[in-house]
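Welcome! Take a moment to look over the sequence and the 3D view, then try the exercises that follow, each with a worked solution.

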Amino acid sequence: MAGLVQASRRSLLSPFRTLKLHLLHPNQQFSRQPNRPIPNFLTQTQTTTHLSTAALQKSPFESNILRILRNEIQYQSDYAPPHQSAMEFNAFVVEDRPGEQWITLRGKFGENETIKIEATMFDGSVVVPKSGDDSNAEDVRLHISLLVDISKGEECDLEFVCSSWPDHIEIQKVYILRRDGSLKWPYMGPNFWDLDKKLQSALLDFLKARGVNNDLSVFLHEFMTNKDRTELIRWLAKTMSFVLE
């Protein structure tokens with residue numbers, strides 16, 4: 001399955017690759033965003049009356065774009081309105097960054113381990129047979145890329161590159177990351193699926209003990225479904241504001 005998704009997400013993984021480069025140069029830090037309510041994209045200064053008045057001052061082409069954007073925002077808001085997602089899951093605190101294509105989860109394990117998870121929005125999919133009586137039907141399984149960083153505050157961290165599917169997590173790669181970024185092209189370790197089966201199982205258990213498990217994958221897919229709706233409406237509203245100016 002990992003092979004099937006590779007081609008479909010090749011063009012969608014640039015944020016994930018950028019994130020990977022960031023982890024190889026850890027001096028750059030992301031700032032934490034406070035919890036915030038879902039924004040009201042159709043504010044009082046952009047009511048239907050205001051938009052209609054502004055559209056009259058535009059060319060017929062621009063007025064048509066504004067009408068389509070306004071209708072699409074209204075449809076998305078009514079059909080599947082986004083909600084305020086939970087910003088905690090078990091031992092992890094979620095840091096969302098509005099307008100960006102990934103989120104960060106932070107947690108602790110034991111007395112000296114810190115865990116940081118960088119998760120992309122949906123970046124690929126595979127088509128699988130749909131379960132049930134209709135054997136000819138197909139279903140789409142969405143994919144999320146994860147970088148799991150486990151640190152003990154020493155010079156090296158243990159990194160896991162993972163795939164998050166709707167109901168489970170798969171490990172793709174395990175490697176050691178030097179925190180000082182002294183290695184320009186570090187050895188990234190073997191393909192996870194080439195490892196001994198017992199070692200594969202042990203590494204999966206290692207992650208599960210730290211809360212990186214199938215339940216987390218279910219949570220991430222629910223979170224990203226909501227974030228996808230929020231970001232779409234945000235993009236539509238910003239595009240409409242640009243045309244209005």
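## Exercise 1: around M121

Find the residues that M121 touches, leaving out those up to four places away in sequence.

*Solution.* Step one: M121 touches E100, Q101, W102, H143, I144, M224, K227, D228 and E231, where contact means heavy atoms within 4.5 Å. Step two: place M121 in the fold, in the loop between β4 and β5 (124–129); strands are DSSP runs of E with at least two residues, helices are runs of H or I with at least four, and both are numbered from the N terminus. Step three: take W102, which is 19 residues from M121 in sequence but 5.5 Å from it in space, C-alpha to C-alpha. Step four: M121 has a relative accessible area of 13%, so it is buried (buried is under 20%, exposed over 50%, partly exposed in between, with a 1.4 Å probe and protein chains only).

Before going on, note that this is a predicted model, in which local features need pLDDT of at least 70 and side-chain atom pairs count only at pLDDT 80 or more, while totals for chains, interfaces and linings use all residues. Residues are numbered from 1 along each chain as its sequence is written, and side-chain values use heavy atoms, without hydrogens and water.

## Exercise 2: the largest core

Work out which members of the largest nonpolar core touch the most other members.

*Solution.* A nonpolar core is a set of buried Ala, Val, Leu, Ile, Met, Phe, Trp, Tyr and Cys residues joined through side-chain atoms within 4.5 Å. This core has 28 residues, and L105, I117, V148, F160 and L220 touch the most other members. Several elements each supply at least two residues, among them β3 (102–109), β4 (113–120) and α6 (214–244). The largest share, 5 residues, comes from α6.

## Exercise 3: two ring pairs

Decide why the pair F219 and F223 counts as tilted.

*Solution.* A pair of aromatic rings is described by the distance of the centres and the angle of the planes. Rings of Phe, Tyr and Trp (its six-membered ring) pair if their centres lie within 6.5 Å; planes under 30 degrees apart are stacked, over 60 edge-to-face, and the rest tilted. The centres of F219 and F223 are 5.9 Å apart and their planes are at 45 degrees, so this pair is tilted. Now try Y75 and Y79: at 5.3 Å centre to centre and 5 degrees between the planes, they are stacked.
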